[in-house]
There are 2 protein chains.
Amino acid sequence: MVPANQWIKIKAPATVANMVCGFDILGFAVNNPYDEMEIRWMERLGDEPSITIINMDDYQLPTDPEKNVAGAALLALLEEYDEKLKEISIEKNILAAAAGNIPNTAAKIKFEVKINKLIKPGSGVGSSAASSAGAVVGANYLIGNLFTKDDLVRFAMNGEKLASGVKHADNIAPCIFGGVTLVRSIFPLEVVALPSPQLFVTIVHPQIEVRTADARSILRQKVLLKEAIKQWGNIAGLVAGLMKSDYDLIGRSLEDVIIEPVRSILIPGFDELKKVCKQAGALGGGISGSGPSIFMLSKTKEIAISVEKEMNQLYDGIGLPHHTYVTTINQTGVEVEA
Amino acid sequence: MVPANQWIKIKAPATVANMVCGFDILGFAVNNPYDEMEIRWMERLGDEPSITIINMDDYQLPTDPEKNVAGAALLALLEEYDEKLKEISIEKNILAAAAGNIPNTAAKIKFEVKINKLIKPGSGVGSSAASSAGAVVGANYLIGNLFTKDDLVRFAMNGEKLASGVKHADNIAPCIFGGVTLVRSIFPLEVVALPSPQLFVTIVHPQIEVRTADARSILRQKVLLKEAIKQWGNIAGLVAGLMKSDYDLIGRSLEDVIIEPVRSILIPGFDELKKVCKQAGALGGGISGSGPSIFMLSKTKEIAISVEKEMNQLYDGIGLPHHTYVTTINQTGVEVEA
């Protein structure tokens with residue numbers, strides 16, 4: 001564990017959820033952009049708040065821990081702290097707190113978190129997930145990694161609930177595990193890390209707002225069985241392609257016949273953009289999360305850069321302000337620099 | 001290639017389609033039961049039929065090649081023979097027929113096929129697929145393996161169309177490729193062979209008739225999106241579990257929330273059977289194809305035998321005649337013994 005009062009630095013990566021056909025289940029982390037955070041723990045005195053949030057950026061996100069996604073995630077962690085200590089003490093037949101030199105109850109812990117968001121909130125690349133995941137991975141490091149990654153995903157999901165109203169793990173899971181992750185089941189939570197070959201990722205963030213609630217409300221509650229079958233063929237193909245490092249199979253499987261046809265109408269120029277990116281050599285791609293960002297996967301950096309040019313050209317052409325990123329899949333997840 | 005008039009022997013394995021959550025896309029071959037076949041080619045004289053079917057069993061299946069599944073598959077192969085020869089001749093810049101010492105046109109070929117069905121028709125373990133697949137794999141061997149496995153799957157699907165009215169590949173693909181196969185897409189056809197760890201398979205065939213047409217007609221045409229999402233989480237989990245040899249993940253993913261709840265009502269004692277098999281240690285299982293056979297997967301032979309006992313006990317208890325098999329996944333597909 002890390003001594004009281006000592007800051008550690010955290011890098012929390014952006015993530016792409018709803019990986020084309022893998023709506024609600026497949027996501028991946030990228031190396032750029034990422035949030036920078038710092039966290040330390042202190043002895044909590046009397047009834048002072050157990051969490052202090054310090055914003056280092058200009059987004060004016062709430063600092064009340066119950067209204068801040070990182071705060072909500074940390075509160076969930078603290079809530080299970082005492083029980084976890086007891087569990088480990090019984091397992092190892094020692095007093096875990098004494099052995100680890102950490103407080104014997106959450107009531108004695110206070111976390112201070114500085115957040116510098118480099119991932120723009122609302123861009124669709126897991127900005128809230130990065131704050132939630134970064135906070136709990138950092139806090140867990142401070143207390144000697146008491147909790148498993150699965151636990152941390154559960155805690156961080158409380159941040160997602162605050163941000164979008166729904167406990168979902170499709171950004172949190174890749175943010176914490178790194179690489180491509182499958183959320184096989186949400187209740188009970190099961191995250192499966194999937195191996196993947198090197199993939200270059202081009203992301204474009206058109207500067208429009210797509211409200212997650214809108215993106216959800218336009219989805220149909222029922223889908224045709226024959227389309228569901230097509231979708232699960234592609235999902236199985238995508239998982240197999242990633243695990244076999246078969247780029248062609250990945251490319252052929254990157255097709256979404258259920259969500260994308262509905263949601264893409266919220267994003268200007270989506271169909272045309274996808275077309276020109278694929279013509280430029282991209283394996284495929286789609287809406288990142290619930291948008292408005294769009295991502296494309298490519299086999300080489302050269303192709304990923306050509307894809308970026310196409311994106312710039314198209315959105316410049318229709319006068320839509322936007323940002324682009326060319327990056328790679330992040331295989332480590334949240335990183336702690338102690 | 002094999003000289004004219006010389007018989008070769010073929011073993012065509014039974015197959016399990018609709019592998020739990022993988023409705024219409026995932027299937028696997030088993031080592032027992034299997035059909036025995038023999039095939040030879042002869043010079044076709046004048047306008048005699050190009051295919052002769054000789055039944056060696058008592059099922060009295062049609063011998064008219066256009067009405068026999070093996071015949072229909074072979075006719076599809078012969079139909080593409082001339083074109084394939086031309087294609088290969090151009091590619092290799094030689095006369096393929098002369099080089100391979102095979103007739104230069106399908107018009108000069110006659111196939112004779114003996115079929116001894118050991119897989120009972122209508123049992124739900126790919127009886128028709130075995131005949132169709134066995135015939136075209138054997139014929140292809142005779143003509144020097146002109147065609148790819150993908151081609152053979154396409155040809156054999158004509159047999160399936162004859163048997164069930166629908167061109168489907170979920171039995172044909174594992175029968176020809178062996179192991180566990182994914183039919184990612186049916187038009188255009190794409191089969192992906194999936195690696196899998198050793199798995200023991202227990203199959204029970206209750207002696208009732210489930211008409212494929214009935215099993216199809218009771219399916220709902222629309223499904224809830226939230227159930228589809230659950231299903232595709234399990235499909236992704238199953239593919240990952242097979243490829244990682246993670247038996248627990250395989251077990252947790254063997255859940256079908258869409259098809260099984262509807263179709264299982266056609267099979268007496270289904271829910272109870274599944275329950276007792278899982279209590280006996282089976283990883284999971286479900287309806288084989290459209291039934292009535294039920295299969296269970298287990299990690300060890302001992303468990304697979306316990307599962308068989310449970311099956312026997314349950315169906316003996318309700319006085320339902322049945323057959324059981326304890327076998328393993330067949331990794332080779334149709335075998336030719338020349």
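Select E302(A), Q313(A), D316(A) and G317(A): these exposed residues sit on the face of helix 11 of chain A turned away from its buried side. The model is predicted: local features need pLDDT of at least 70, side-chain atom pairs count only at pLDDT 80 or more, and totals for chains, interfaces and linings use all residues. Residues are numbered from 1 along each chain as its sequence is written, while chains are lettered from A and ligands numbered from 1 in the order in which they are written.

**Helix 11, chain A**

Helix 11 of chain A has 17 residues and reaches 24 Å from first C-alpha to last, close to the 24 Å expected at 1.5 Å a residue. That expected span is 1.5 Å times one less than the number of residues. Helices (H or I, at least four residues) and strands (E, at least two) are DSSP runs, numbered from the N terminus.

Switch to the buried set: A304(A), V307(A), E308(A), E310(A), M311(A), L314(A) and Y315(A). They lie on the same side of helix 11 of chain A because they cover an arc of only 160 degrees around the axis. The arc is taken from the directions from the helix axis to the C-beta atoms.

Show their partners next. The buried residues of helix 11 of chain A pack against strand 7 (200-206), helix 10 (270-279), strand 10 (294-298) and strand 11 (322-328) of chain A. Contact means C-beta atoms, placed from the backbone, within 7 Å. Then click G319(A), which follows helix 11 of chain A and has a positive phi, near 65 degrees.

**V210, chain A**

Go to the loop between strand 7 and helix 6 (212-217) of chain A, where V210(A) lies. V210(A) is buried, with 20 other C-beta atoms within 10 Å. Leaving aside neighbours within four places in sequence, its contacts include G124(A), L266(A) and P292(A). V210(A) and L320(A) are 110 residues apart in sequence and 14 Å apart in space, C-alpha to C-alpha.

**The sheet, chain B**

Move to chain B. Its open sheet of 4 strands runs 9-10-7-11, with antiparallel pairing. Strand 9 (284-287) and strand 11 (322-328) of chain B are the edges, each pairing on one side only. Two strands pair if DSSP finds at least two bridges between them. Strands 9 and 10 (residues 294-298) of chain B pair in the antiparallel sense over 4 bridges. Zoom in on G286(B), which stands opposite F295(B) in strand 10 of chain B.

Terms used
Buried ≥ 20, exposed ≤ 12 C-beta atoms within 10 Å, placed from the backbone. Contact = placed C-beta atoms within 7 Å.
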